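Here are some questions about the words used to describe a structure, with answers that set each value against its definition.

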Amino acid sequence: MKEYDYETQFILSGLSQLINVCGDDPGRDGLEETPFRVLKAYLEYTEGYREDPRKHLEKEFEVDGHQELVIVKDIEFNSLCEHHFAPFHGRVHVGYIPNKKITGLSKFGRLVDGYSKRFQVQERLTTQIANAIDEVLEASGVMVVVEAKHMCMCGRGIKKATSSTTTSAVRGLFKENAQLRNEFLSLIK
């Protein structure tokens, strides 16, 4: 077996103990390498901690004259609930009104990944995405809607498999203008 530093050995030992507590033999064929695979997977699930997601928005382009609604919808994401480490997944819809600056459309997907690949709650995720767009792009208005299914509710505990959660965050013109909010909401449906 490979040699690992003390911290890694401690984590792998804990994962082996978890397998044992759940009722299986961590040394049996099929589970022997599972603690290492779990550790490696969690490092991938949480790679958002090793970046500043806001930096993706810093690739900006000047745009004079376009101060209309821009929507990027159905941005898929996966995250882990910080309360149970259970997965939650869904879609993010972003709308903003540029104020002289825009960014590449793919940057919104990278922004969402940067914040969702952390231990999260959906409410914070929604706020972080909206704040980053508002502050980095200095947009005239920002609206973010996140729709997600949480396995901590659907697959365990109360086990309501069809339930989903929707959160929103509004900034600038979207906060002040109900008609603009309604336009965004109608366009993402």
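Q: What makes helix H7 a helix that lies across strands, and which strands are they?
A: In this predicted model, where local features need pLDDT of at least 70, side-chain atom pairs count only at pLDDT 80 or more and totals for chains, interfaces and linings use all residues, H7 (residues 178–188) lies across S2 (70–81), S3 (87–97), S6 and S7, and runs at about 40° to S6. Residues are numbered from 1 along each chain as its sequence is written, and side-chain values use heavy atoms, without hydrogens and water. Helices (H or I, at least four residues) and strands (E, at least two) are DSSP runs numbered from the N terminus, contact means heavy atoms within 4.5 Å, and angles, from 0 to 180 degrees, are taken between N-to-C directions of axes fitted to C-alpha atoms, for helices over the stretch in contact.

Q: How do you know that S5 and S7 are edge strands?
A: Strands pair if DSSP finds at least two bridges between them, and S5 (119–120) and S7 (165–172) each pair on one side only, in an open, mixed sheet of five strands ordered S5-S2-S3-S6-S7. S7 is joined to S6 (residues 141–150) by eight bridges, antiparallel, so this pair meets the requirement of at least two; one of the bridges links Gly141 with Gly172 in S7.

Q: Why is Thr8 called buried?
A: Thr8, found in helix H1 (residues 6–22), has a relative accessible area of 17%, and buried means under 20% (exposed is over 50%, partly exposed in between, with a 1.4 Å probe and protein chains only), so Thr8 counts as buried.
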